[in-house]
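Hello,

Here is the structure I promised to pass on to you. Have a look at it first, and then read on for what turned up.

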Amino acid sequence: MEPILLFIVEDAFQITNRGCVLAPGPSGEAGAQPLRIGDRLQLRKPDGQSFETVIQGVEMLGRPRQMVITAPILLPRDITKNDVPKGTEVWFIPRG
């Protein structure tokens, strides 16, 4: 199966002792691509480089004024916000 584009990174921030969080994150709306801890991702940076990683955690954030629900993704601790510049494409690699 082909990878599925989830979102394009607008911001990445580091949480001490946890890891890098990518925002805005994929849609958290009903019917959106279901994501789980351990799912594989491919990150395609604006400079053309890419690498694979896994989801370490998923947070649900709502923005009531904008009626947007997103699920920022926590990456493993060895990936820092410097590794994921703004404009990086986040692709979901389907299971099996």
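**Salt bridges and their surroundings**

Asp39 is buried, with a relative accessibility of 7% (buried is under 20% relative accessible area, exposed over 50%, and partly exposed in between, with a 1.4 Å probe and protein chains only). Before going further, please note that this is a predicted model, in which local features need pLDDT of at least 70, side-chain atom pairs count only at pLDDT 80 or more, and totals for chains, interfaces and linings use all residues. Residues are numbered from 1 along each chain as its sequence is written, and side-chain values use heavy atoms, with hydrogens and water left out.

The partner of Asp39 is Arg95: the two form a salt bridge whose closest N and O atoms are 2.8 Å apart (a side-chain nitrogen of Lys or Arg within 4 Å of a carboxyl oxygen of Asp or Glu). Asp39 sits in the loop between E3 and E4 and Arg95 in the segment after E10, so this pair ties together parts that are 56 residues apart in sequence. Strands (E, at least two residues) and helices (H or I, at least four) are DSSP runs, numbered from the N terminus. Arg95 itself is partly exposed, at 36% relative accessible area.

The whole structure has two salt bridges. Glu52 and Arg40 make one at 3.4 Å, N to O, linking strand E5 (residues 50-54) to strand E4 across twelve residues. Arg40 is partly exposed, at 41% relative accessibility.

E10 has four of its five residues buried. It runs antiparallel to E1, with four bridges, and Ile8 stands opposite Glu89. E10 is also antiparallel to E4, over five bridges, with Gln42 opposite Trp91. Two strands pair if DSSP finds at least two bridges between them. Beyond four places in sequence, the contacts of Val90 (heavy atoms within 4.5 Å) include Ile4, Phe7, Leu22 and Leu41.

There is also an open antiparallel sheet of four strands, ordered E2-E3-E9-E6. E2 (11-15) and E6 (57-58) are at the edges with a single partner strand each, so one side of each has no neighbour in the sheet. Within this sheet, Leu22 stands opposite Ile73 in E9.

Best wishes
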